[in-house]
Amino acid sequence: MNTAPRPDDRGRDRDAEGRARNARPRDGLGRPLPYGTEGVERQPEGVTRTPEETVAQAQALLDAGRPFHAHEVFEDAWKSGPEDERDLWKGLAQLAVGLTHSARGNLTGGARLLLRGASAIGTGKWGERPHGIDVDGLGVWARQLAQALEGDRSTVDAAEHAPRLRGSD
């Protein structure tokens, strides 16, 4: 059975259930490319992972300069994880999207999302290192990058500025 999105009668991509699903290939920062262009492999949606798997996969994507794709991994965790951890995963997704926007050249939006994500994960309600995640270090990283974006008007190299989710380990 082919479950790939297909254009509807108005040329919009839809999945088998008729929901909007963009089938255009994407670049490493998640930007749509023209149909027929080779893009990077997309993250599957709706995957349930353990917290360990989530952090490991997201870190690999961040290290590869693919923060948009890391955001999708965090999004799956916030949608499928325990209710009391959803803000943690959502905040991590915001950090990844903040880095994505910064790498795409939207420095103002990137800085705002970095600060929003730092605020979300820095509430302290998860303990010092939930699932081994260095929330304090990530907050420092996000605030420093957001401040640097204020003074620098160039894009950010996503791989070069990738955070270490578990700190220096």
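Student: Leaving aside neighbours within four places in sequence, which residues is I133 in contact with?

Tutor: The model is predicted, and the answer is read from its heavy atoms. I133 is among the residues that touch the most other members of the largest nonpolar core. Once neighbours within four places in sequence are set aside, its contacts are V55, L88, W89, L92, E128, L138, L165 and R166.

Student: Which element gives the largest share of that core?

Tutor: The core has 35 residues, and those touching the most other members include F74, L88, W89 and L92. Helix 1 (51-63), helix 2, helix 3, helix 4 and helix 5 each give two or more residues to this core. The largest share is eight residues, and the element they come from is helix 3.

Student: How many aromatic pairs does a search of the whole structure find, and what is the angle between the planes?

Tutor: The search finds one aromatic pair. F74 and W89 form this pair, with 6.2 Å from centre to centre. Planes under 30 degrees apart count as stacked, and F74 and W89 are stacked at an angle of 25°.

Student: Where in the chain do the two partners lie, and how many residues apart are they?

Tutor: The pair links distant parts of the chain. F74 belongs to helix 2 (residues 67-80) and W89 to helix 3 (residues 86-104), and the separation is 15 residues.

Student: Are F74 and W89 buried or exposed?

Tutor: F74 and W89 are both among the residues with the most contacts to other members of the largest nonpolar core. As for their accessibility, both are buried.

Student: W78 lies in helix 2. Is W78 buried or partly exposed?

Tutor: Buried means under 20% relative accessible area. W78 has a relative accessibility of 22%, so W78 counts as partly exposed.

Student: Which charged residue sits over the ring of W78?

Tutor: Leaving aside neighbours within four places in sequence, W78 is in contact with R86, W89, K90 and A93. One of these has its charged end over the ring of W78, 5.8 Å from the centre, and that residue is K90.

Student: And which residue lies over the face of Y35?

Tutor: A charge is counted here if it is within 6 Å of the ring centre. At 6.0 Å from the ring centre of Y35, the residue over the face is R24.

Student: Why does the length of helix 5 agree with its number of residues?

Tutor: Helix 5 (residues 135-151) has 17 residues, and at 1.5 Å a residue they should span 24 Å. The end C-alpha atoms agree with this span, because they are 25 Å apart.

Student: What arc do the buried residues of helix 5 cover?

Tutor: The buried residues of helix 5 are V135, L138, G139, W141, A142, L145, A146 and L149. They lie on the same side of helix 5, because the arc they cover around the axis is only 165°.

Student: What do these buried residues pack against, and which exposed residues are on the face turned away?

Tutor: The buried residues of helix 5 pack against helix 3 and helix 4 (107-121). The face turned away from the buried side carries the exposed residues D136, Q144, Q147, E150 and G151.

Student: What is the phi of H131?

Tutor: H131 lies in the loop between helix 4 and helix 5. H131 is partly exposed, with a relative accessible area of 30%. H131 is not a glycine, yet its phi is positive, at about 55°.

Student: H69 is found in helix 2. Which residues is H69 in contact with, leaving aside neighbours within four places in sequence?

Tutor: At 1% relative accessibility, H69 counts as buried. With those neighbours left aside, the contacts of H69 are D27, G28, G30, V40, E41, R42, Q43 and L61.

Conventions:
Residues are numbered from 1 along each chain as its sequence is written. This is a predicted model: local features need pLDDT of at least 70, side-chain atom pairs count only at pLDDT 80 or more; totals for chains, interfaces and linings use all residues. Side-chain values use heavy atoms; hydrogens and water are left out. Rings of Phe, Tyr and Trp (its six-membered ring) pair if their centres lie within 6.5 Å; planes under 30 degrees apart count as stacked, over 60 as edge-to-face and the rest as tilted. Helices (H or I, at least four residues) and strands (E, at least two) are DSSP runs, numbered from the N terminus. Buried means under 20% relative accessible area, exposed over 50%, partly exposed in between (1.4 Å probe, protein chains only). A charge sits over a ring if NZ of Lys or CZ of Arg is within 6 Å of the ring centre and within 35 degrees of the ring normal. The expected span of a helix is 1.5 Å times one less than its number of residues. The arc is that of the directions from the helix axis to the C-beta atoms. Contact means heavy atoms within 4.5 Å. A nonpolar core is a set of buried Ala, Val, Leu, Ile, Met, Phe, Trp, Tyr and Cys residues joined through side-chain atoms within 4.5 Å.
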